[in-house]
Amino acid sequence: MDNAMLFLHVLGAVGMGFYIVLPIMIGRASKLAGLGQGGLAEGLLSANRIAQYFLILQLLTGGYLMSQADYSVAWMVIVILLFLGIAALGGIISKPLKLVVASIQDGKSATAHIGKARVLSIIVLVLYIAIIYFMMFPMGDV
């Protein structure tokens with residue numbers, strides 16, 4: 001059972017790899033014309049939704065795996081806080097991406113919304129790299 005859960009957990013981490021390329025893709029949006037920006041934003045919204053489902057998989061499998069080993073309380077708190085930060089900011093990114101699509105449809109500039117989405121995506125990337133570090137080098141008697 002542990003091997004199956006570990007496999008699903010790694011699969012979820014790979015699915016969350018979307019957050020590695022998200023800042024690059026959002027940065028590319030500023031170089032596109034209006035309709036291209038809207039299309040890219042819609043695609044990123046869909047991909048972000050899929051990444052959110054992988055976050056749910058991470059929550060379930062990570063909770064199980066955490067219960068099966070002897071990790072330090074500090075490590076568990078750090079990992080949970082990083083996870084919650086990724087989940088929250090991953091959800092918050094949806095609003096500026098939706099506003100990019102709406103701005104393009106209304107014929108307005110989407111530059112401010114793209115900038116906000118890019119800053120949020122960079123923060124999520126940093127949190128994602130941090131959580132990978134803590135997964136690779138856990139604290140405790142594991």
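This is a predicted model: local features need pLDDT of at least 70, side-chain atom pairs count only at pLDDT 80 or more; totals for chains, interfaces and linings use all residues.
Residues are numbered from 1 along each chain as its sequence is written, and side-chain values use heavy atoms, with hydrogens and water left out.

The protein has 6 helices and 0 strands, where helices (H or I, at least four residues) and strands (E, at least two) are DSSP runs numbered from the N terminus. Read along the sequence, the pattern is therefore α-α-α-α-α-α. The C-alpha trace spans about 55 × 25 × 20 Å along its principal axes. Of the 142 residues, 39% are buried, a term that means under 20% relative accessible area, with exposed meaning over 50% and partly exposed lying in between (1.4 Å probe, protein chains only).

As for the surface, the protein exposes about 8,100 Å², of which carbon and sulfur atoms supply 71%; accessible areas come from the Shrake-Rupley method with a 1.4 Å probe, and for residues only the protein chains shown count as cover. There are 8 positive and 5 negative side chains, and the centres of the two sets lie 22 Å apart. In that count Lys and Arg are positive and Asp and Glu negative, with His and the chain ends not counted, and the place of a charge is taken as NZ of Lys, CZ of Arg, CG of Asp or CD of Glu.

Spaces are found on a 1 Å grid over the protein atoms alone: a cavity is a set of points where a 1.4 Å probe fits but cannot get out, a pocket is an open set with protein on both sides within 12 Å along at least five of seven lines, and lining residues have an atom within 4 Å of a point. Grid points are joined across faces, edges and corners, and a volume is the space filled by probe spheres set on the points. The count comes to 1 cavity of 30 Å³ or more, and the largest cavity holds about 40 Å³ of space. Its lining includes Ile-26, Leu-40, Leu-97 and Ile-114; the elements that give two or more residues to this lining are α2 (18-29), α3 (34-67) and α5 (94-106), and α3 gives the most, with 4 residues.

The largest pocket has a volume of about 660 Å³ and is lined by 25 residues, of which His-9, Gln-58, Gly-62, Val-79 and Met-135 lie nearest its centre. Two or more lining residues come from each of α1 (2-15), α3, α4 (73-92) and α6 (111-136), and the largest share, 6 residues, comes from α3.

His-9 is found in helix α1 and is buried, because its relative accessible area is 14%. Not counting residues up to four places away in sequence, His-9 touches Gln-58, Thr-61, Gly-62, Leu-65 and Met-135. Ser-103, in helix α5, also counts as buried because its relative accessibility is 8%, and with the neighbours up to four places away set aside, Ser-103 touches Lys-108, Ser-109, Ala-110 and His-113. Leu-127 lies in helix α6 and touches Leu-82, Gly-85, Ile-86 and Leu-89, again not counting residues up to four places away in sequence. Leu-127 and Ile-86 are 41 residues apart in sequence and 6.4 Å apart in space, C-alpha to C-alpha.

Terms used: Contact means heavy atoms within 4.5 Å.
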